[in-house]
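Take a walk through this structure, one region at a time. Keep the sequence beside the 3D view as you read.

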Amino acid sequence: MPELPEVEALAHHLREHAVGRAVTRIDVVSLSVLKTVTPAYTDLRGREVTGAGRHGKHLDLECGDLHLIVHLARAGWLRWSDDLPAKPPRPSGKNPLALRTHLSADESGGESNAAPRHVGFDLTEAGTKKGLAAWIVADPADVPSIAALGPDALGLDRDRLESLLTGETRRIKTVLTDQKTIAGIGNAYSDEILHTARLSPYATPARLTSEDLDALFDALHGVLTAAVTRSVGQDAARLKGEKRSGLRVHGRTGLPCPVCGDTVREVSFADKAFQYCATCQTGGKPLADRRLSRLVK
């Protein structure tokens with residue numbers, strides 16, 4: 001799932017490549033991707049792209065007084081192209097393409113009868129479980145999931161983080177990935193943050209010591225800032241690989257921990273999993289299967 005660093009990098013890519021161009025056409029390939037009816041997607045036509053930003057894990061393409069908001073869900077992605085097909089795509093249940101946005105091309109200085117270039121981006125989603133969503137709104141806060149967001153992860157100071165965790169009895173892994181509590185962190189970077197802070201995913205936030213909170217705050221900002229630095233400026237097609245290359249425990253089940261050399265372990269859920277290092281995070285005790293919800297005795 002694209003998280004804060006990848007969405008920030010995509011917003012940067014759009015600021016570099018889309019701002020100043022006009023929307024010339026939008027092809028909606030999957031009707032289910034659009035979550036709003038009014039304004040219509042055709043209302044974006046002719047509007048200049050004036051900016052691009054991020055709200056948690058939501059991407060925001062600013063088109064004057066309208067916004068195209070996108071949530072990429074677990075398997076969605078944005079693919080930029082300097083040469084989109086001119087022919088509108090046909091809807092297909094097997095087609096990963098959900099929505100295509102055509103933008104005006106820069107003048108190339110070529111012959112006047114040359115075919116115009118179709119510049120823009122595709123929103124795609126792999127797999128059969130579809131969660132990619134797009135909204136067209138006058139105010140980003142009109143998107144319910146944005147209105148419900150907690151403070152952005154990179155906007156937190158140490159005191160605000162402590163106040164969010166005070167009295168919190170849910171597991172720290174759950175709290176970090178709850179967008180209503182802290183916006184922007186998902187499964188992958190929460191694993192990395194907790195590994196860097198040397199905290200168990202099952203730790204209770206309300207019981208963390210002052211030293212634990214210091215470590216968590218430093219890890220949260222350090223991991224996310226480093227990931228943003230690695231990602232921003234990368235071509236959109238390379239961002240997924242860049243994310244994987246920077247991960248120390250997430251997605252590395254069975255491999256050695258780069259800090260202590262112990263084997264990275266996994267706890268599986270019904271539809272996802274998280275990874276951790278027992279030596280670094282749980283005093284050497286492997287966590288039981290998620291369904292058992294306790295440490296192996």
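UniProt, in an unreviewed entry, places the feature "domain: FPG-type" at residues 248-282. UniProt positions follow the numbering used here, feature names are shortened, and annotations may be inferred rather than shown by experiment. The end C-alpha atoms of this span lie 16 Å apart. The span is 11% helix and 23% strand. Helices (H or I, at least four residues) and strands (E, at least two) are DSSP runs, numbered from the N terminus.

A word on the model. It is predicted: local features need pLDDT of at least 70, side-chain atom pairs count only at pLDDT 80 or more, and totals for chains, interfaces and linings use all residues. Residues are numbered from 1 along each chain as its sequence is written, and side-chain values use heavy atoms, with hydrogens and water left out.

Now turn to the sheet. Four strands form an open sheet, in the order β2-β3-β4-β8. The pairing is antiparallel; two strands pair if DSSP finds at least two bridges between them. Strands of a sheet pair through backbone hydrogen bonds, either parallel or antiparallel. β2 (51-55) and β8 (133-137) stand at the edges. Each has a single partner strand, so one side of each is left without a neighbour in the sheet. From one strand to the next, the twist averages 20 degrees. Angles run from 0 to 180 degrees between N-to-C directions, and axes are lines fitted to C-alpha atoms, for helices over the stretch in contact.

Look inside the sheet. Six bridges join β3 (residues 58-63) to β4 (residues 66-71). E62 stands opposite H67 in β4. Helix α1 packs on the sheet and touches β2 and β3. Its direction makes about 170 degrees with that of β2.

α1 covers residues 4-17 and holds V7. Is V7 buried or exposed? V7 is buried, because its relative accessible area is 1% (buried means under 20%, exposed over 50%, partly exposed in between, with a 1.4 Å probe and protein chains only). Leaving aside neighbours within four places in sequence, V7 is in contact (heavy atoms within 4.5 Å) with P2, R54, K57, H58 and L59. V7 and L59 are 52 residues apart in sequence, yet 6.3 Å apart in space, C-alpha to C-alpha.

Last, a helix pair. The axes of α3 (residues 158-165) and α6 (residues 210-231) come within 10 Å and cross at roughly 120 degrees. R158, L161, E162 and L165 of α3 meet S210, L213, D214, L216 and F217 of α6.
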